[in-house]
Amino acid sequence: PGSSSPAFQGISIFVGVLVSLGSTTAVANVIAGIVLTYTRAMQVGDQVEIAQTRGKVVERSTFVTRIQTLKNIIVSIPNSMVLNNNIINYSQNMGKSGLLVHTSITIGYDVPWQKVQALLIAAAGNTEGIVESPEPFVLQTSLEDNYVAYEINGWTRTPESLPGIYSELHANILDEFHRNDVEITSPAFR
């Protein structure tokens, strides 16, 4: 009774719209989950970065991908959002060499480049998690007006330890340069 009234018909249309909008998101997540499965962009256990969330994939379901961050927080990302963002997979293509760890510093022209390179390689060699073979190497990335930009590169086979490796590498760079009385400053003309 009362199904032919305008109020009942209005409420029915409203409920129908809500259900169809809700199911659109659910369907999009299911389809995205299927696409992610067949593209093999990531596996459970991989170290990834998706939508500025970095960590280990702990679960991939029909609707969401769950990532355990480096701070041990579980983040659920809808599969449609995963599909619409870049997926950086640190684990997938490790190859024989591993994953390249790199950081940059700038040093004034008064310090010979050979000395800077030797100190950077020594710092990388003292960093736990950076392998000895292939050997770390240094690139001179730019020659600016008042300083030279250097980039130390080393290989690791433990992408899950990247934050700790970077922290130790930075500490070792500071130690090596201080031990050898080289200031890590970029002089500026005044």
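Before we start, one definition: a patch here is made of residues with over 30% relative accessible area and no salt bridge, and nonpolar side chains are joined into one when they lie within 5 Å. Keep in mind, too, that we are looking at a predicted model.

Ile31, Val35 and Leu83 make a nonpolar surface patch of about 230 Å². Take Ile31, which lies in helix H1, residues 6-39.

Now to the strands. Find E1, residues 47-50, and E2, residues 53-60: they pair in the antiparallel sense, over four bridges. Together they form a hairpin with two residues between the strands. Ala51 sits in that turn and has a positive phi of about 50°.

Next, an open sheet. In what order do its three strands come? The order is E6-E8-E7, and the pairing is antiparallel. From one strand to the next, the twist averages 25°. Between E7 and E8, residues 147-156, there are six bridges, and Val138 has Ile152 in E8 as its bridge partner. A handy thing to remember when you look at such strands: in a regular strand, side chains alternate between the two faces of the sheet.

Two helices go with this sheet. H3, residues 113-125, lies across E6, E7 and E8 and runs at about 30° to E8. H4, residues 162-179, packs on the sheet too, touching E6 and E8, and its direction makes about 30° with that of E6.

Let's finish inside H4, with Ile165. Is Ile165 buried or exposed? Its relative accessibility is 3%, so it counts as buried. Leaving aside neighbours within four places in sequence, Ile165 is in contact with several residues, including Val101, Ile130 and Thr156. Glu128 is another of those contacts. Although Ile165 and Glu128 are 37 residues apart in sequence, their C-alpha atoms are 6.8 Å apart in space.

Conventions. Residues numbered from 1 in each chain as written. Predicted model: local features only at pLDDT ≥ 70, side-chain atom pairs only at ≥ 80, totals over all residues. Heavy atoms only, no water. Patch = residues over 30% accessible without salt bridge, like charges linked within 9 Å, V, L, I, M, F, W, Y side chains within 5 Å. Areas by Shrake-Rupley, 256 points an atom, 1.4 Å probe, with all protein chains shown as cover. Salt bridge = Lys/Arg side-chain N within 4 Å of Asp/Glu carboxyl O. Pairing = 2+ DSSP bridges. Axes fitted to C-alpha atoms, helices over the stretch in contact; angles between N-to-C directions. Contact = heavy atoms within 4.5 Å. Buried < 20%, exposed > 50% of the residue type's maximum accessible area, 1.4 Å probe, protein only.
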